[in-house]
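Here is a protein model to read together.

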Amino acid sequence: MDKITTIFENNKIWAKKVLDTDPQFFHKMSQVQNPEILWIGCADSRVPANQIINLPAGEVFVHRNIANVIVHTDLNALSVIQYAVDVLKVKHIIVCGHYGCGGIKASMVESSNGLIDNWLGHIKDVARFHENELHKISDFNTRFARLCELNVVEQVNNIKNTTIVKNALKNNQELEIHAFIYDIKDGIIRDLNNLPE
Ligand code: CO
């Protein structure tokens with residue numbers, strides 16, 4: 001069976017499994033979506049949003065791009081945030097980066113990857129903001145991991161600086177913004193604001 005045929009087969013199996021557990025599931029889904037979480041993550045195939053937090057369809061509003069970057073002028077990302085915050089009234093925005101991120105790594109080495117280098121320029125900015133700290137880390141992989149973390153922190157700062165989030169917080173809307181990182185080596189998500197010693 002080719003890959004595309006497999007997609008249809010798998011989809012039927014999934015839909016049946018969902019109906020077996022909850023016969024009203026798709027009917028409910030067809031009425032409204034009411035997610036409490038906006039997930040902003042990397043496009044990396046190893047970091048599928050719903051799957052790694054074990055939440056079904058309907059629970060997470062998702063935006064993914066290379067290296068989970070939020071740029072102030074990115075109309076796509078801003079539209080997602082605005083819809084999630086203003087219309088869906090999500091209670092949590094989660095930026096979840098991941099160790100071993102190819103986008104972060106590519107930004108650290110002097111190589112040419114074409115158009116994407118312009119996008120990765122945003123991560124080079126993050127590295128420049130934290131030059132003092134990163135310079136002290138001589139081991140490449142340790143520096144790489146730290147930049148994966150710092151990138152999440154900076155993207156959270158960017159989100160907090162959007163007019164959308166600023167207005168929501170000014171209006172006392174219930175909204176928390178989280179900086180998480182996922183480890184592709186053990187499947188565990190860690191809170192960057194609450195890392196174990
Ligand atoms: Co990545």
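The dialogue below goes from the model itself to single residues.

Q: What kind of model is this, and which residues and atoms count?
A: It is a predicted model, where local features need pLDDT of at least 70 and side-chain atom pairs count only at pLDDT 80 or more, while totals for chains, interfaces and linings use all residues. Residues are numbered from 1 along each chain as its sequence is written, and side-chain values use heavy atoms, with hydrogens and water left out.

Q: Into which domains is the protein chain divided?
A: Domain bounds come from an automatic or database domain assignment. Here, domain 1 covers 1-31 and domain 2 covers 33-194. Their C-alpha centres lie 29 Å apart.

Q: How do I read a metal site, and which residues coordinate the cobalt ion?
A: Donors are N, O and S atoms within 2.8 Å of the metal (3.2 Å for Na, K and Ca); water is not among the atoms, so sites may look incomplete. In this model, the cobalt ion is coordinated by SG of C42, NE2 of H98 and SG of C101, at 2.0 to 2.3 Å. Along the chain, these donors follow the spacing C-x55-H-x2-C. C42 belongs to strand β1 (residues 37-42) and H98 to strand β3 (residues 92-98), so the pair ties together parts that are 56 residues apart in sequence. Helices (H or I, at least four residues) and strands (E, at least two) are DSSP runs, numbered from the N terminus.

Q: Are C42 and H98 buried or exposed?
A: Buried means under 20% relative accessible area, exposed over 50%, and partly exposed in between (1.4 Å probe, protein chains only). C42 and H98 are both buried. For C42 the relative accessible area is 4%.

Q: How many disulfides are there?
A: A disulfide is a pair of cysteine sulfur atoms within 2.5 Å. By this rule the count is zero. Take C96: the nearest cysteine sulfur belongs to C42 and is 9.8 Å away. C96 is buried, at 0% relative accessibility.

Q: How do I check a helix length, and what span should helix α8 have?
A: The expected span is 1.5 Å times one less than the number of residues. Helix α8 (residues 140-160) has 21 residues, so it should span 30 Å; its end C-alpha atoms are 30 Å apart, which agrees. Buried residues in α8 include F144, L147, L150, E154 and Q155.

Q: Which residues is Q155 in contact with?
A: Contact means heavy atoms within 4.5 Å. Leaving aside neighbours within four places in sequence, Q155 is in contact with N68, V69, I70, V95 and V126. Q155 is buried, with a relative accessible area of 2%.

Q: What is a polar contact, and which side chain does Q155 join in one?
A: A polar contact is a pair of N or O atoms within 3.5 Å; within protein, one must be able to donate a hydrogen and the other to accept it, and residues adjacent in sequence count only if both atoms are side-chain atoms. The side chains of Q155 and N158 are joined by one of 3.2 Å. Another, of 2.7 Å, joins the side chains of H130 and E154. H130 sits in the loop between α6 (116-129) and α7 (131-135). H130 counts as buried, at 18% relative accessibility.

Q: Where is H178, and what is in contact with H178?
A: H178 is in strand β4 (residues 176-183). Leaving aside neighbours within four places in sequence, H178 is in contact with H92, I93, I94, V95 and V156. The side chains of H178 and H92 make a polar contact of 2.8 Å. H178 and I94 are 84 residues apart along the chain, yet their C-alpha atoms are separated by 4.8 Å. H178 is buried, with 15% relative accessible area.

Q: What is the phi of K89, and where does K89 lie?
A: Phi of K89 is positive too, near 55°. K89 lies in the loop between α4 and β3. K89 is partly exposed, at 46% relative accessibility.
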